[in-house]
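User: Could you take a close look at the charged side-chain pairs in this model for me? I'd like one connected walk through them.

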Amino acid sequence: MRIVMLGHSGAGKTSYMASMYALMNRGVDGFRVVAEADDDRVLRETAGAIRRGRYPYASAQRDSFDLVLRHAGADVLPFTWVDYRGATLTERTRSSRAARELHADLDSASGILLLHDARGLLTDPAAPRQVAAGGV
């Protein structure tokens, strides 16, 4: 299973991913999500920084995390979570490597999560057009 997460820069994609991972890694009703050691460390450190009020910088590149959903210690479902940098969403050409990669990921996605800054939607008159013209 493949989940693709998109959103404009600053929408909170990386913050959401790290916070979700930290919560699900601790476990909920016998379910846990686990990652390989390096990804586990990065996601936990990012979540810890967020809890202390330090939000991550905008992602400079696409990140992909291979995760496993476990229940009662047994693997239930392996899945990949792809976190795209915000600028990829607004690229207008399919000829760039990032745009081709995005379209390939969307074609193979089991789920797509689109995040947008809610405050921006309420206060920036251009925000609805940016969402509609997301380039996807």
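This is a predicted model: local features need pLDDT of at least 70, side-chain atom pairs count only at pLDDT 80 or more; totals for chains, interfaces and linings use all residues.

To start, is Arg 44 buried, exposed or partly exposed?

Analyst: Arg 44 has a relative accessibility of 41%, so it counts as partly exposed. Its salt-bridge partner is Asp 40, and the closest N and O atoms of the two are 3.0 Å apart. Asp 40 counts as buried, because its relative accessibility of 17% falls under the 20% cut-off. Both residues belong to helix α2, which spans residues 37–51, and their spacing of four residues puts about one helical turn between them.

Helix α2 holds another such pair. Glu 45 and Arg 41 are joined by a salt bridge at 3.4 Å, N to O, and they too sit four residues apart, about one turn of the helix. Here both partners are partly exposed: Glu 45 has a relative accessible area of 47%, and Arg 41 is at 42%.

Now for a pair that reaches across the sequence. Asp 105 and Arg 62 form a salt bridge whose closest N and O atoms are 2.9 Å apart. Asp 105 is in helix α3 (residues 97–108), while Arg 62 is in the loop between α2 and β3, so this contact ties together parts 43 residues apart in sequence. Asp 105 is buried, at 5% relative accessibility, whereas Arg 62 is partly exposed, at 24%. The pair also belongs to one network, in which salt bridges with shared partners link Arg 2, Arg 62, Glu 101 and Asp 105.

Key: Residues are numbered from 1 along each chain as its sequence is written. Side-chain values use heavy atoms; hydrogens and water are left out. A salt bridge is a side-chain nitrogen of Lys or Arg within 4 Å of a carboxyl oxygen of Asp or Glu. Helices (H or I, at least four residues) and strands (E, at least two) are DSSP runs, numbered from the N terminus. Buried means under 20% relative accessible area, exposed over 50%, partly exposed in between (1.4 Å probe, protein chains only).
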